[in-house]
Amino acid sequence: MTFEVPDACTLPTAEQPLRLAEFDALFTSAVRDVEAVSATHARMWLTGPPGLESMVRDLAAREAACCSFFTFTITPQPATDGDVLVLDIEVSAAYTDVLTVLAGRATAATAA
């Protein structure tokens, strides 16, 4: 799935594939379900070992710092072992294509 980085992203070009790889690793290891809430809002359910929440918060903060069109909301869920999270990702209407590709990569990872 091709990912075209929007001009609004301030992450240096050399670092962009590394960041995408971080998201792909998160999607592969932790995402259990993806819901398209709307064209501008995707919701992902994640599970993982203790520490997942801090890792997701760190990745989301770094991504929001360079791509201000993203809004990430991380909501911890009750869990008996490890971390369970809901990750909401929202964008303005101008960036729905970026969200669609990102959510598609997460969906593909859950099917793998």
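Me: Where does Asp88 lie?

Reply: Asp88 lies in strand S4, which covers residues 83-90. Keep in mind as we go that this is a predicted model.

Me: Why is Asp88 called buried?

Reply: Its relative accessible area is 8%.

Me: What makes the approach of Asp88 to His41 a polar contact?

Reply: The contact runs from side chain to side chain, at 2.7 Å. The cut-off for such a pair of N or O atoms is 3.5 Å, so 2.7 Å falls within it. The side chain of Asp88 also makes a polar contact with the side chain of Arg43, again at 2.7 Å.

Me: Which residues does Asp88 touch, leaving out those up to four places away in sequence?

Reply: They are His41, Ala42, Arg43, Thr71, Phe72 and Thr73.

Me: Phe72 makes me curious about rings. Why is the pair of Phe23 and Phe72 called stacked?

Reply: Let's begin with the total: the structure holds five aromatic pairs. In this one, the ring centres are 6.5 Å apart and the planes are at 20 degrees. Planes under 30 degrees apart count as stacked, so 20 degrees settles the matter.

Me: How do you know that this pair ties together parts separated in sequence?

Reply: Phe23 lies in helix H1 (residues 16-30), while Phe72 lies in strand S3 (residues 71-77). Those parts are 49 residues apart in sequence, so the pair ties them together.

Me: Are Phe23 and Phe72 buried or exposed?

Reply: Phe23 has a relative accessible area of 4%, and Phe72 has 16%. With the limit for buried at under 20%, Phe23 is buried, and so is Phe72.

Me: What makes the pair of Phe69 and Phe70 tilted?

Reply: Here the planes are 40 degrees apart, with 4.8 Å from centre to centre. Stacked needs under 30 degrees and edge-to-face needs over 60, so 40 degrees leaves tilted. Phe69 counts as buried at 9% relative accessibility, and Phe70 does too at 6%.

Me: Which residues do the ring pairs link into a cluster?

Reply: Phe23, Phe27, Phe69, Phe70, Phe72 and Tyr95.

Definitions and conventions
Residues numbered from 1 in each chain as written. Predicted model: local features only at pLDDT ≥ 70, side-chain atom pairs only at ≥ 80, totals over all residues. Heavy atoms only, no water. Phe/Tyr/Trp six-rings, centres within 6.5 Å; stacked < 30°, edge-to-face > 60°. Helix = DSSP H or I, 4+ residues; strand = E, 2+ residues; numbered from the N terminus. Buried < 20%, exposed > 50% of the residue type's maximum accessible area, 1.4 Å probe, protein only. Polar contact = N/O pair within 3.5 Å; in protein donor to acceptor, adjacent residues only side chain to side chain. Contact = heavy atoms within 4.5 Å.
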